Amino acid sequence: MKSIKRQKRVAAVHDLSGFGKCSLTVALPVLSAAGIETSALPTAVLSTHTGGISGYTYRDLTEDMRPFIRHWKSLDLQFDALYSGFLGSFEQLDIVGAFFEEFKTKENLVLVDPVMADNGTLYKVFTPEFATGMKELCKQADIIVPNLTEAALLLGQPYNPGPYTHAYIEETLLRLSELGPEKIVLTGVYFQEEELGAATYDAHTNTTDFIAVSRIPGSYHGTGDIFASTVLAGLMNDFSLNEATRIAVRFTANSIMTTYLAGTDHRFGVNFEANIPGLLKELELV
């Protein structure tokens with residue numbers, strides 16, 4: 001009989017949108033499908049996500065976050081990874097920073113997806129000062145997963161719309177690692193117009209890797225959350241940073257292609273669900 005490994009547990013700090021696949025409605029199914037117990041620390045509840053949809057409701061859960069954390073601590077919960085995404089305020093940055101300090105161990109992993117900007121523009125709900133606070137949170141991480149816009153904000157440099165050179169991406173990765181994280185996954189990387197992918201840097205081994213797939217027309221909501229959650233799923237299943245990132249690039253691209261071919265409204269998110277069987281094969285879980 002095949003031996004059963006101890007189930008790993010992740011704490012996911014994200015918002016929850018009732019409609020529109022992103023944040024917790026992506027992180028929970030992706031990580032759970034990958035065999036990982038996932039505990040949710042919600043930062044806000046919305047009727048829909050905010051990308052291209054108006055009239056949504058928004059309930060800030062800042063006041064609930066500290067009681068969540070205190071209760072978890074009283075239960076002596078242990079986590080194999082702490083994973084943060086969208087945070088709605090400076091106060092939430094402070095709360096999550098304290099959460100990391102409280103639950104970080106020598107054995108677990110802290111992954112920060114510094115969700116705050118894309119396509120050269122800071123999201124409307126944030127100010128430039130928020131980027132400074134996010135930079136401080138990233139210093140506590142073992143791995144960060146910014147896009148090129150977020151990387152520019154973290155480094156205090158102008159946004160470069162690309163295409164990029166290998167030298168530019170390598171310098172950006174190195175400078176991001178100097179903030180504190182040992183591992184960097186940079187998204188939105190491309191060296192020619194017909195491709196899109198990611199780049200990784202591991203300071204421990206001083207290695208860089210580039211992963212690209214054919215670019216698919218359009219812009220799709222929630223793909224950053226799918227990508228970051230899949231990277232973490234790979235790492236939690238003992239794949240290397242490069243292997244986990246390659247799996248995440250392929251899974252995200254396949255999910256976008258499924259949605260593109262179906263002609264689904266881009267605002268609704270991508271059909272990652274149909275591609276989970278393929279993901280589990282890549283993760284060697286089936």
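Helices (H or I, at least four residues) and strands (E, at least two) are DSSP runs, numbered from the N terminus. I am working from a predicted model here.

Entry: Is Asp76 buried or exposed? Its relative accessibility is 53%, and I count a residue as exposed over 50%, so Asp76 goes down as exposed.

**Entry: another positive phi.** Asn119 has phi near 50°, again positive in a residue other than glycine. I located Asn119 in the loop between strand E6 (117-118) and strand E7 (121-122). Asn119 is exposed too, with a relative accessible area of 57%.

**Entry: a cis bond.** I checked the peptide bond from Gly162 to Pro163 and it is cis, with omega near 0°. Most peptide bonds are trans. Pro163 sits in the loop between helix H5 (148-155) and helix H6 (166-177).

**Entry: H2 against H3.** I went back to H2 (residues 62-74) and compared its axis with that of H3 (residues 90-103). The two axes come within 10 Å and cross at roughly 5°. Angles under 35 degrees count as roughly parallel, so I wrote H2 and H3 down as roughly parallel to each other. Which residues meet there? From H2 I listed Thr62, Met65, Arg66, Ile69, Trp72 and Lys73; from H3, Glu91, Gln92, Ile95, Val96, Phe99, Glu102 and Phe103. Sorted by class, this contact has 7 nonpolar, 2 polar and 4 charged residues.

**Entry: Ser229.** I found Ser229 in helix H7 (residues 223-236). Ser229 has 0% relative accessibility, so I count it as buried. What does its side chain make a polar contact with? The partner is the side chain of Tyr83, at 2.9 Å. Leaving out residues up to four places away in sequence, Ser229 touches Val26, Ala27, Val30, Leu31 and Tyr83.

**Entry: the whole chain.** I counted 9 helices and 11 strands in the protein chain. The radius of gyration is 18 Å, close to the 19 Å that the globule rule gives for 286 residues, so the chain is as compact as a globular protein of that length. Its C-alpha atoms fill a box of roughly 55 × 50 × 45 Å along the principal axes. Buried residues make up 50% of the 286. Taking contacts between residues at least 6 apart in sequence, I get 68% that join residues at least 24 apart.

Notes. Residues are numbered from 1 along each chain as its sequence is written. This is a predicted model: local features need pLDDT of at least 70, side-chain atom pairs count only at pLDDT 80 or more; totals for chains, interfaces and linings use all residues. Side-chain values use heavy atoms; hydrogens and water are left out. Buried means under 20% relative accessible area, exposed over 50%, partly exposed in between (1.4 Å probe, protein chains only). A polar contact is a pair of N or O atoms within 3.5 Å; within protein, one must be able to donate a hydrogen and the other to accept it, and residues adjacent in sequence count only if both atoms are side-chain atoms. Contact means heavy atoms within 4.5 Å. Axes are lines fitted to C-alpha atoms, for helices over the stretch in contact, and angles run from 0 to 180 degrees between N-to-C directions. Angles under 35 degrees count as roughly parallel, over 145 as roughly antiparallel, 65 to 115 as roughly perpendicular and the rest as oblique. Ala, Val, Leu, Ile, Met, Phe, Trp, Tyr, Cys and Pro count as nonpolar, Asp, Glu, Lys and Arg as charged, and the others, Gly among them, as polar. The radius of gyration is taken over C-alpha atoms; the globule rule is 2.2 Å times the number of residues to the power 0.38.
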